[in-house]
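Please read the following explanation with the sequence and the model open beside it.

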Amino acid sequence: MVDRQVMPLSLRCVHPGRFRGDVEAAEAAPHTQVMAFSFSPLTARRSMAQIRRHDPECYYLMLVRGTPTRFEQSRRIACLETGAMTLFSTSHPVKCDFPDADRRARMTLMRLPRTTLPLAGGRADRLLGEPICTRAGPASLLASYLAQLPGAAHSSSSESLARMGAIGVDLAATALAAVLDVHDTLPAATRKAVLLVRARVLGARRPVVPRGA
């Protein structure tokens, strides 16, 4: 399932006979998907051979929601605690370890095709494997969005999901641009959309993703 929905990977579990895993997915917009995973501890590797076999040419944002995770890409190593986020690319090798801590690993992934991110010149590649703090600012809104969307998708119409998907792309672009300090290069429509979300969430204390939309 991971090979089909995310990218070809080599997965290894210490106790394969006791492996358990669940996934909840929401097709939020054309070519954009948010997936919430819960699974037994494992290691994941993506090699150059697997990249040559199939590369969807996407970015993924990964939000850690369970046990701490060690992630490596582009010679950068991130030790991600619960609530932390990182960006990775399907076009580079990946090493990811979800250690055995007597409980399942939990994470949420957001797929972002390269063509959907309004960050010119491959700027997003500068953040591959870097930890992204989600305590404040645009990254905080994005983390809330990623945590809420898969559950809200069950009670949302296809039109609402499409709108929420567009908001998610705007939030992702804004959060990454803020880390890169290139916020002023974003399209005016993206900046306006995120301002409206921020006003609704902070002003009215509403969730980022409204349920039953």
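The model is predicted, so local features need pLDDT of at least 70 and side-chain atom pairs count only at pLDDT 80 or more, while totals for chains, interfaces and linings use all residues. Residues are numbered from 1 along each chain as its sequence is written, and side-chain values use heavy atoms, with hydrogens and water left out.

Arg111 belongs to strand S10. Strands here are DSSP runs of E with at least two residues, helices are runs of H or I with at least four, and both are numbered from the N terminus. Is Arg111 buried or exposed? Arg111 is buried, because its relative accessible area is 14%, and buried means under 20%, exposed over 50% and partly exposed in between, with a 1.4 Å probe and protein chains only. Residues up to four places away in sequence aside, Arg111 touches Gln5, Glu27, His31, Thr32, Gln33, Cys58, Tyr59 and Tyr60, a contact being heavy atoms within 4.5 Å.

S5 has 7 of its 7 residues buried. In a regular strand the side chains alternate between the two faces of the sheet. S5 runs antiparallel to S10, joined by 7 bridges; two strands count as paired if DSSP finds at least two bridges between them. Met62 stands opposite Leu109 in S10. S5 also pairs with S8, again antiparallel, over 5 bridges, and there the bridge partner of Leu63 is Met85.

The next topic is the packing of nonpolar side chains. In soluble globular proteins, such side chains tend to be buried together. A nonpolar core is defined as a set of buried Ala, Val, Leu, Ile, Met, Phe, Trp, Tyr and Cys residues joined through side-chain atoms within 4.5 Å. The largest one has 38 residues, of which Leu61, Met110 and Leu142 touch the most other members. At least two residues each come from strands S5 (58–64), S8 (85–89) and S10 (105–113) and from helices H3, H4 (158–180) and H5 (188–204). H4 gives the most, with 10 residues. A second, separate core of 25 residues includes Leu9, Ala84, Phe88 and Leu109. Beyond four places in sequence, the contacts of Met110 include Leu61, Leu142, Tyr145, Leu146, Gly168, Val169 and Ala172.

Leu142, Tyr145 and Leu146 are among the buried residues of H3. H3 covers residues 137–152, and its 16 residues reach 23 Å from first C-alpha to last, close to the 22 Å expected at 1.5 Å a residue; the expected span is 1.5 Å times one less than the number of residues. H4 has 23 residues and reaches 33 Å, close to the 33 Å expected. Just after H4, Asp181 takes a positive phi of about 60°.

Gln73 sits in strand S6 (residues 69–73) and counts as buried because its relative accessibility is 1%. The Gln73 side chain reaches the backbone oxygen of His92 at 3.1 Å, and a polar atom of it lies 3.4 Å from the backbone oxygen of Pro93. Thr82, in the loop between strand S7 (76–80) and S8, reaches the backbone oxygen of Gly66 with its side chain at 2.4 Å. Apart from neighbours within four places in sequence, Thr82 is in contact with Val64, Arg65 and Gly66.

Taken overall, the protein has 5 helices and 11 strands. Its radius of gyration is 17 Å, close to the 17 Å given by the globule rule for 213 residues, so the protein is as compact as a globular protein of that length; the radius is taken over C-alpha atoms, and the rule is 2.2 Å times the number of residues to the power 0.38. The C-alpha trace spans about 50 × 40 × 30 Å along its principal axes. Of the 213 residues, 47% count as buried. Of the contacts with a separation of 6 or more, 73% are between residues 24 or more positions apart.

Methods
Polar contact = N/O pair within 3.5 Å; in protein donor to acceptor, adjacent residues only side chain to side chain.
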